[in-house]
Amino acid sequence: MIRVADGIPTAVVAAEQLLDRVGELRADGYDLLVDLFAYDTPEREPRFDVVYLFHRLADNARTRLKVQVGEEVAVPSITRLYPPAEWYEREVYDMYGVTFADHPDLRRILMPDDWIGHPLRRDHPLGGEVVDYGLRPPAERVAPIDFPEGTTR
Amino acid sequence: MTVLRDSEPTLPPHETMLLNMGPQHPSTHGVLRLMLDLDGEVVVDAHPDIGFLHTGIEKSCEYRTYHQAITLTDRIDYLSPYSNNLAYVNAVEKLFGISAPPRASWLRVLIAELHRIASHLVFVGTTSLDLAASSVFIYCFREREELLRLMELLSGVRMMTSFIRIGGLPADVPPGFLEGVATFIDRFPARLAEYDDLIRENPIFKQRMVGIGKISAHDATRWSLTGPNLRASGVAYDVRRALPYEVYGELEFDVITETAGDAYARYLVRRRELEESAKICRQIVARLPSGPIRIDDPHIAYPKRELIHSSMESLIHHYKLATEGPIPPPGEAYAAVESPRGEYGVHVVSNGTNLPQRVRFRAPSFANLQALPLLVRGHMVADCIAALASIDFVLGEIDR
Amino acid sequence: MGVEGRVSSAQPRDRAGGDQRVALGRDRATSGFAARSESTSPERVSSAQPRDRAGGDQRVALVEQPGGIGTHQSQGVVFSTIERAANWARSNSLWPLSFGLACCAIEMMSMSAARFDVSRFGSEIFRVSPRQADLMIVAGRVSQKMAPVLRQLYDQMPEPKWVIAMGACASCGGVYNNYALVQGVDKIVPVDVYLAGCPPRPEALIFALQQLQDMVKRGLRRTISIQ
């Protein structure tokens, strides 16, 4: 597991045990879901890490869970235990394509509804346009960014 | 029609009308699309639709060095840009295992509190503008202009200062800045009294804000609200006290809470936080230590300007930092600050190269806005505006 | 980053109304604006007038009055064309559509606040409804989801309408050359004034507004970039 530099206890959990662990945390008094996000390490299999960060108001304790999933695996949704997870999980789906089982409303939240592709994946191109600053002669201009077929609009 | 899961809704016996408070609206505080299910004038349900300001900042940060990403972070929560910078730099400094020297730390807190005052002034001004008390808007922006003038004196830029570097600050404060801050803080209580005269006990303001958008402490924690929204419901959670960062552990200030949990309570919390921020600024100006404003490690922090012109090594270090950027050891770190909206956190994942693997911005307004349907159910459309204004969200940080 | 008045447009700037020459006549019979395009016996005739939009010649006469133009000795009657009068009225009362998207919106709000008061330039109210506005100041970054909304609002504005692209993000995508933003709002709507800055100072925005007002007053359609 990657080095944790901020002193927050972190545990890697399998996707099947996520709901149980989160239920335990809920019972333990972790009242706030601080953050729910994912990041992508395409060189590693499984590529996605879905990270959950919880906070307990009583003693200001924090704890972090990580679920490592591949592209086709669905992570159980924790919206029933922590209602704000709804939008967070939608964002993870939108940006990475990770699906959440039993999510009440899993659809894109930040990108337009008809966007193809999941922008924050490492293999999704940054996009944008080639800017000609006029400094190089035309022969040396950069080639336009190539969006592979079927990955984005 | 999506329905929130926290309660079983009872649909009214007749149909509801879907009203679109579209992305372009004077009172949505940005490009928020709010779809309201109305039964006459009464809101049955509200569905916020976000994403109209999605800028791809998180992805852009993956293509910038750790230093270059600082300027991108300014524009996330654009009403209080320094808290964004501070959280990001704190996270990167945790990755490196360093911390800024004391003078830099005190100055960072000073600038952050000045930005908090500026942000709360915008809140008071725009909330009053939404409720048609437009003179308060002009008054608040008068103070804000004074603050922006100070920021311009400090860094040359009015709003997006980025006056921070990994390991400290780019430069020491110019002469006149601390005196300007002291003058501003001295005049501030009288100005606050002016705003109070205008709206705090104003019966129209109270009638439009008291009892509107009520949320209990239980619901507020359940929906993970943070910041003044949570504190207005009675939960005394402030990141500056709970998980102190920079020099907040050495400063005296109160965590302001109210119990009512309605829009007026949220206004009161922010209004009283203005005084607390002024108190903090006064303490900092009085107790500011002297010393260096950047750490001495040339692999992380830029060397001093004078040395670049005289020392070859400094020149090389500067060149390497400017082109390649600092390279933290692999790892991840999360740092949170108390922005005017709540807990603003940045999670940085480093893979040992000069570009970050992932930079995640935990925006407080993202969670705060999710609770909106709870706040507006059962209210009329005009009260919906007041409730929306009282959450004080910024679409820039919701959509990133 | 101050804004110097480097305006890259083709026309000379019309600051104190130096280019505008209107005729003051002693004709008591007429009042208001009378069309008087060809003047037969003027004391002084201006030359090299710009052509107006209809292609007509704007040459009007400068008739010297005792005591000078505009003093209490003049009749208080101004002769002009309807086109010029309408342009003058339009330029001095450009009503912006409140279209603040992101950080530039805050500087736009500062512009409308007391210090950089924009209502003294005629833009008293920021109209919310596009049907009532004639100027769209795109203040902020336009994301992919917002682009159709922007176009729809532009289409809903009645003619004549103008667009100021405020800030780097609206002019060219700004700092964000990526998938999420439309790289410059001129990909969607025609822009009259590009204003650089991140965010541009309120004074810069007022300068852009004044440049636009000059253009409108002279009935021209040019593209101005302000850096």
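Trainee: Which residue of β5(C) is the bridge partner of C:Leu135?
Mentor: In β5(C), C:Leu135 has C:Trp162 as its bridge partner. Keep in mind that this is a predicted model.

Trainee: How many bridges join β4 of chain C to β5(C), and do they run parallel or antiparallel?
Mentor: Strand β4, residues 135-139 of chain C, is joined to β5(C) by five bridges, and the two run parallel.

Trainee: Which helix goes with β5(C) and β6(C) in a β-α-β unit?
Mentor: Helix α4 of chain C, residues 167-172. The unit that β5(C), this helix and β6(C) make is right-handed.

Trainee: Is β5(C) buried or exposed?
Mentor: Strand β5 of chain C spans residues 162-166, and five of its five residues are buried. Here buried means under 20% relative accessible area.

Trainee: Which residues sit on which side?
Mentor: C:Trp162, C:Ile164 and C:Met166 are on one side, with C:Val163 and C:Ala165 on the other. Both faces are covered.

Trainee: Why do the numbers skip by two on a side?
Mentor: Because side chains in a regular strand alternate between the two faces of the sheet.

Trainee: Zooming out, how many helices and strands are there in chain C?
Mentor: Chain C has five helices and seven strands. Along the sequence the pattern reads β-β-α-β-α-β-α-β-α-β-α-β.

Trainee: What share of chain C is buried?
Mentor: 51% of its 227 residues. As for contacts in chain C with a separation of 6 or more, 77% are between residues 24 or more positions apart.

Trainee: And chain A, what pattern does it follow?
Mentor: Chain A follows β-α-β-β-β-β-α-β, with two helices and six strands. Of its 153 residues, 52% count as buried.

Trainee: What about contacts in chain A?
Mentor: Taking contacts between residues at least 6 apart in sequence, 51% join residues at least 24 apart.

Trainee: How does the lining of the largest pocket divide by class?
Mentor: Into 26 nonpolar, eleven polar and four charged residues.

Trainee: What about the volume of the second largest pocket?
Mentor: That one has about 490 Å³. Its lining has 24 residues, and the closest to the centre are B:Arg294, B:Tyr302, B:Pro303, B:Lys304 and B:Arg305.

Trainee: Which elements give two or more residues there?
Mentor: For the second largest pocket they are α12 (305-310) and α13 (312-323), both of chain B.

Trainee: How many charged residues are in that lining?
Mentor: Eight charged residues, alongside twelve nonpolar and four polar ones.

Terms used:
Residues are numbered from 1 along each chain as its sequence is written. Chains are lettered from A and ligands numbered from 1 in the order in which they are written. This is a predicted model: local features need pLDDT of at least 70, side-chain atom pairs count only at pLDDT 80 or more; totals for chains, interfaces and linings use all residues. Side-chain values use heavy atoms; hydrogens and water are left out. Ala, Val, Leu, Ile, Met, Phe, Trp, Tyr, Cys and Pro count as nonpolar, Asp, Glu, Lys and Arg as charged, and the others, Gly among them, as polar. On a 1 Å grid over the protein atoms alone, a cavity is a set of points where a 1.4 Å probe fits but cannot get out, and a pocket is an open set with protein on both sides within 12 Å along at least five of seven lines; lining residues have an atom within 4 Å of a point. Grid points are joined across faces, edges and corners, and a volume is the space filled by probe spheres set on the points. Helices (H or I, at least four residues) and strands (E, at least two) are DSSP runs, numbered from the N terminus. Buried means under 20% relative accessible area, exposed over 50%, partly exposed in between (1.4 Å probe, protein chains only). Two strands pair if DSSP finds at least two bridges between them. A crossover is right-handed if, with the strands pointing away from the viewer, the path from the first strand over the helix to the second runs clockwise. Contact means heavy atoms within 4.5 Å.
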